[in-house]
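Student: I have a model open and would like to learn how to read it. Could you take me through it step by step?

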Amino acid sequence: MYQWVSLISLWAIPVTIAFVLLHGWKREVPVYETFVEGAKGGLTTTIRILPHLIAMMVAVNMFRESGALDLLLRGIKPVLDVLHFPEELVPLALLRPLTGTGSLAIATDLIAQYGPDSFIGRLAATMQGSTDTTLYVLTVYFGAVGIRNSSYALKVGLWSDLAGVIFSLLIVTYVFS
């Protein structure tokens with residue numbers, strides 16, 4: 001099974017790119033020109049969302065550097081112990097809805113410190129793949145297109161992130177313990 005997964009992982013992106021190019025060629029789509037137009041649109045979008053990105057990065061860094069995260073960890077430690085949730089993973093669970101880069105840095109540090117095959121390393125990797133940057137998506141994409149009322153999307157996104165954390169813990173505990 002591992003060999004099949006490795007083979008699929010190796011060929012998934014090249015096959016997808018080849019499929020898109022061949023499909024465009026078959027439909028007589030000017031593939032290169034379409035790509036360039038998409039890149040222009042992407043650059044325009046990047047310029048529009050830049051203020052939202054900067055605001056999000058500043059807020060995340062303020063939360064981490066102010067000591068608020070450490071204070072929160074000390075307050076919820078008894079609950080974490082009852083749930084058998086490693087304290088080391090709380091920053092990842094809290095920052096993942098905010099920032100992909102920040103949470104990836106935390107996951108990378110945890111994997112480097114504890115090892116990829118440790119319980120914490122496996123749980124960090126599973127959480128990273130099972131949750132999304134909800135607040136980032138709402139701030140950047142909703143802000144870019146001018147959507148101001150995102151309360152339902154926020155609720156659904158945060159509940160989904162919580163479900164991702166809970167099921168990551170359950171699955172990693174079940175599969176690897």
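Student: Is Ile171 buried, partly exposed or exposed?

Tutor: We go by relative accessible area: buried is under 20%, exposed is over 50%, and partly exposed lies in between, using a 1.4 Å probe and protein chains only. Ile171 has 48%, so this residue is partly exposed. You will find Ile171 in helix α8. Its C-alpha atom is separated by 8.9 Å from that of Thr126, 45 residues apart along the chain.

Student: What should I know about the numbering and the kind of model?

Tutor: Residues are numbered from 1 along each chain as its sequence is written. The model is predicted, so local features need pLDDT of at least 70 and side-chain atom pairs count only at pLDDT 80 or more, while totals for chains, interfaces and linings use all residues, and side-chain values use heavy atoms, leaving out hydrogens and water.

Student: Where in the chain is confidence lowest, and where is it highest?

Tutor: pLDDT is the predictor's confidence in each residue, from 0 to 100. The chain averages 87, and 98% of the residues score at least 70. Helix α7 (residues 134-145) has the lowest mean, 79, while α6 has the highest, 94. Helices here are DSSP runs (H or I, at least four residues), numbered from the N terminus.

Student: How do α6 and α8 pack?

Tutor: Two packed helices are described by the angle between their axes and the distance between the axes. Each axis is a line fitted to C-alpha atoms over the stretch in contact, and angles run from 0 to 180 degrees between N-to-C directions. For α6 and helix α8 (residues 151-176), the angle is about 140° and the axes are 9 Å apart. That makes α6 oblique to α8; the cut-offs are under 35 degrees for roughly parallel, over 145 for roughly antiparallel, 65 to 115 for roughly perpendicular, and oblique for the rest.

Student: Which residues of α6 and α8 make the contact?

Tutor: Contact means heavy atoms within 4.5 Å. Among them are Phe119 and Met127 of α6, with Val165 and Phe176 of α8.

Student: What about α5 and α6?

Tutor: The axes of helix α5 (residues 100-114) and α6 come within 8 Å and cross at roughly 160°. The two helices are therefore roughly antiparallel to each other. Their contact includes Leu104 and Tyr114 of α5 and Ala125 of α6.

Student: How exposed is Ala125?

Tutor: Ala125 sits in helix α6 (residues 119-130). At 43% relative accessibility, Ala125 counts as partly exposed.
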